[in-house]
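Biologist: I have questions about the terms used for this model. Please give each one with its cut-off.

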Amino acid sequence: MEQQLRLAPHSVLMLDYDGTLAPFHVNRFEATPYPGVEERLVTLSTIPQVRLVLVSGRSARELRDLLRPGIRGEIWGSHGRERLRSDGTYELFALSPMQQAALEQMGLEMSALGFSDALEVKPTSLAIHWRGFEPAMQARIRSVVQSIFVNINEPGGLHLLPFDGGVELRSTDRAKGTAVAEILSRGPDDAPVAYLGDDLTDEDAFVALGNQGYSILVRGEVRASSARFWLRPPEELLGFLDGWIVNSQIAHAAATTGASR
Ligand SMILES: [Mg+2]
């Protein structure tokens, strides 16, 4: 990886946020990155060779507002349904009216049953969180969600999909893997690329990367995964980011020297 980065005019570094850069927090607005991560993302933002991309299940604007100023990168939010460029340009891959109605029905019924605290309403999906609840309540939320879902007449192709700490009602015609494929399609083909993620929802992103780059599972404990590598946060994560920084800076210095000759 070092040699490849030092010689590359461009690289693509794709990062999931929750569970990867930032440990989980019951209040998601307080999920801040591991110490040292933000400084490194700021540095990466200043290296012209590096295309920094955050790929998250959160809504893109919510994630942007959590990031320290100085972290400049493209954000793909809501599992590939939102794209927010660093210049503020925004693109949404909207749901059909039927899908939107199914989301609303789930939200309304969950709220009516007193579970509004568990809901995370996003532009194109609804996440139901049970992290932080007692096990009995987690089981209750899980079963209520299931029973509401099976009673939705026309879910419009939405699915209830698990993630670490809950389930999400969302469409599968776009996912993090879709975002990765689109990011990579803008080439160049030989650019060093990496994708770092922790969750089940990152698996299709690992698959989308194939053998082209570094698909990296970031977790305290290893699990079955399509990722080719595994890093334990935070130390190994910080070490990885440092390697990307140092070698990209060498590439940058070489390019600058070359240009001034
Ligand atoms: Mg995650």
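Modeller: Start with proline 234, which sits in the loop between strand 12 (229–231) and helix 8 (235–260). The model is predicted: local features need pLDDT of at least 70, side-chain atom pairs count only at pLDDT 80 or more, and totals for chains, interfaces and linings use all residues. Residues are numbered from 1 along each chain as its sequence is written, and side-chain values use heavy atoms, without hydrogens and water.

Biologist: What makes a stretch a helix or a strand?

Modeller: Both are DSSP runs, numbered from the N terminus. A helix is H or I with at least four residues; a strand is E with at least two.

Biologist: What kind of peptide bond joins proline 233 and proline 234?

Modeller: A cis bond, with omega of about -5°.

Biologist: Why does serine 78 count as buried?

Modeller: Buried means under 20% relative accessible area (over 50% is exposed, in between is partly exposed; 1.4 Å probe, protein chains only). Serine 78 has 2% relative accessibility, so it counts as buried. Serine 78 is in the loop between strand 3 (74–77) and strand 4 (82–84). Its phi is positive, about 50°, although serine 78 is not a glycine.

Biologist: And what about histidine 79?

Modeller: Histidine 79 is at 5% relative accessibility, so it counts as buried. Histidine 79 is also placed in the loop between strand 3 and strand 4. Its phi is near 55°, a positive value in a residue other than glycine.

Biologist: How do you know that glutamine 99 is buried?

Modeller: Its relative accessibility is 8%, so glutamine 99 counts as buried. Glutamine 99 belongs to helix 4 (residues 97–112).

Biologist: Which residues does glutamine 99 touch?

Modeller: Contact means heavy atoms within 4.5 Å. Leaving out residues up to four places away in sequence, glutamine 99 touches Pro155, Gly156, Leu158 and Ser171. A polar atom of its side chain also lies 2.9 Å from the backbone nitrogen of serine 96.

Biologist: What about isoleucine 47: buried or exposed?

Modeller: Isoleucine 47 has a relative accessible area of 4%, so it is buried. Isoleucine 47 lies in the loop between helix 2 (37–45) and strand 2 (50–55). Beyond four places in sequence, isoleucine 47 touches Ile245, Ser248, Gln249 and His252. Isoleucine 47 and serine 248 are 201 residues apart in sequence, with C-alpha atoms 7.2 Å apart in space.

Biologist: How is the chain divided?

Modeller: Into domain 1 (2–93 + 174–260) and domain 2 (97–171). Domain bounds come from an automatic or database domain assignment. The C-alpha centres of the two domains lie 28 Å apart. Domain 1 gives 20 residues to the contact, domain 2 gives 12.

Biologist: What makes something a pocket?

Modeller: On a 1 Å grid over the protein atoms alone, a pocket is an open set of points where a 1.4 Å probe fits, with protein on both sides within 12 Å along at least five of seven lines. Lining residues have an atom within 4 Å of a point. The largest pocket has a volume of about 490 Å³. Of its 28 lining residues, Asp18, Arg28, Glu120, His129 and Phe163 are the closest to the centre. Strand 6 (119–121) and strand 7 (126–129) are the elements that give two or more residues to this lining.

Biologist: Where does the largest pocket lie?

Modeller: Domain 1 and domain 2 both give residues to its lining, so the largest pocket lies between them.

Terms used
Polar contact = N/O pair within 3.5 Å; in protein donor to acceptor, adjacent residues only side chain to side chain. Points joined across faces, edges and corners; volume = space filled by probe spheres on them.
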